[in-house]
Amino acid sequence: MATNKTYDQIKVGDTAEIVRECSSNDLLVFAHASGNRNPIHLPDTDWTGDGHIDKPVAPAMWIGGLASAVLGNILPGPGTMYKAQSFRFLGRAAVGDKLTVRVTVTEKKLNNIIMFDMTVLNETGQSLVEGEAEVIAPTETIEFDSSDIPALLVQRHRHFNRMIELAKTLPALPTAVVAPDDPNSLEGALMAAREGLIEPILIGAKDRVIKAAEELNETLDGYEFIDIDDESEAAGRAVQMVHESRVKAIMKGHLHTDHLLHHVVKKDGGLRSKRRISHVFVMDIPGRKTPVLISDAAINISPDLNTKVDITQNAIDAALSLGLQSPRVGILSAIETVNPAIPSSLDAAVLSKMAERGQIKGGIVDGPLAMDNAIDVQAARTKGITSLVAGHAEVLIVPNLESGNMLAKELTFIAHAEAAGLVIGAKVPVMLTSRADDGRARLASCALALLFTHWKENSAPAGIFDREED
């Protein structure tokens, strides 16, 4: 609750301040609100044109405008109206800088007018902005609950950006790319190679792959190529290369999933392990503090309880590889109570108890949970659910493939999420992207495969995910 000070309560010399850290989202919101889209103020922009992302400079008016937060929220507070404001800009701020914004009463005039000195200092004490404000102070006490203001959603995919940057610090992953004979699948492989995420070995019909490269204005010089016209045979060769220790991952190109998985799961010469394979979607949803993992939405159609145990463990492993410590796992059903008439609610309760007994390791598992109370705190409170997972789920285990597939696509096309996909449970990770996925999705999937392989080989993630990161 914000409470003001009236004109009569304010004295010369009164002071108030706030501390605000400049974030990338601040710059994006200001660009949209003001209409000022000067590239020097925008994150993730090469405004010098040298091929590198440049560090943005915070707009001077954004810094100066922070004075209104002190005047409008604290001193005088709610009910204050501006009459005049002057600024002198003495320095610049950048993303990550912590700024102290301070106002001091210098004079009280007639008609409820108050004069303020204002200054903005950075962490070193350097003055970035100085100025004077003239405001009309309120004459009655006003209290205001600012939590009623609707939240803003900034459509950025910072989790994938972090994931890709983290993967770049690791040695490239030798990867068999099967049938990269269309522009989308080839572009993703070449993009990942340029970023240092994979060392691709291209397996497919050479004439078709060369044609795809020409459409992209790319060259295949320097890449190893195995010319196999038949897609199924190409998939078999990729699996064989895993056994030869030539590759540590497989990436699906422009071929049907069944043709690739047939060779992955076959009993003789396949890549089976003790655990059932499953697919994990990693979704970067704007506005969420962490990525959201969904499983299984691509392989196991109607999984039984034993299969769901492996699906859950695979998804937890994927979350751990991203640096999410003790990931919160919500087992989804239509309701949040156990109902024998709804089998998925029974499975959810059993999986939760199995995790409690240590049969599923590495995550905090709870269920059954409906989708709303799995991811929304208020929905969980309304239903009276007390749980470490409810309202905070980072991993969602769906009842069946249909529900998972619909959920992932709804998040992609309605919530503007980006999706990366990985098959886990085989001897090596398999990047099972859709034939319609763009290069960015394939790049993120390569980063996910590299981070997962590093975690598996080192029993530790490449970095720890900060859940409180803004």
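Biologist: Which residues of helix H1 (residues 24-34) are buried?

Modeller: Buried means under 20% relative accessible area, exposed over 50%, and partly exposed in between (1.4 Å probe, protein chains only). In H1 the buried residues are Asp26, Leu27, Leu28, Phe30 and Ala31. Helices (H or I, at least four residues) and strands (E, at least two) are DSSP runs, numbered from the N terminus. This is a predicted model, where local features need pLDDT of at least 70, side-chain atom pairs count only at pLDDT 80 or more, and totals for chains, interfaces and linings use all residues. Residues are numbered from 1 along each chain as its sequence is written, and side-chain values use heavy atoms, with hydrogens and water left out.

Biologist: What covers the buried residues of H1?

Modeller: Look for contact, meaning heavy atoms within 4.5 Å. The cover includes strand S2 (15-21) and helix H2 (60-65). After H1 comes Gly35, with a positive phi near 85°.

Biologist: Which residues are buried in H7?

Modeller: For helix H7 (residues 231-243), they are Ala234, Ala235, Gly236, Arg237, Ala238, Val239, Met241 and Val242. They pack against strands S8 (173-178), S9 (198-204), S10 (224-227) and S11 (249-252), and against H8. Ser245 follows H7, and its phi is positive, near 65°.

Biologist: At what angle do H7 and H8 pack?

Modeller: H7 and helix H8 (residues 257-265) pack at about 35°, with axes 9 Å apart. H7 contributes Glu231, Ser232, Ala235, Gly236 and Val239 to the contact. H8 contributes His259, Leu260, His263 and Val264.

Biologist: Where are cis peptide bonds found?

Modeller: Check omega. Leu75 and Pro76 are joined by one, with omega about 0°. Pro76 sits in the loop between helix H3 (67-73) and strand S3 (81-89). Gly367 and Pro368 are joined by a cis bond too, with omega about 5°. Pro368 belongs to strand S15 (residues 364-369).

Biologist: Which residues other than glycine have a positive phi?

Modeller: Asn112 is one of them, with phi near 65°. Asn112 lies in the loop between strand S4 (98-108) and strand S5 (113-121). Its relative accessible area is 25%, so Asn112 is partly exposed. Ser326 also has a positive phi, near 45°. Find Ser326 in the loop between helix H9 (305-321) and strand S14 (328-332). At 41% relative accessible area, Ser326 is partly exposed.

Notes: Axes are lines fitted to C-alpha atoms, for helices over the stretch in contact, and angles run from 0 to 180 degrees between N-to-C directions.
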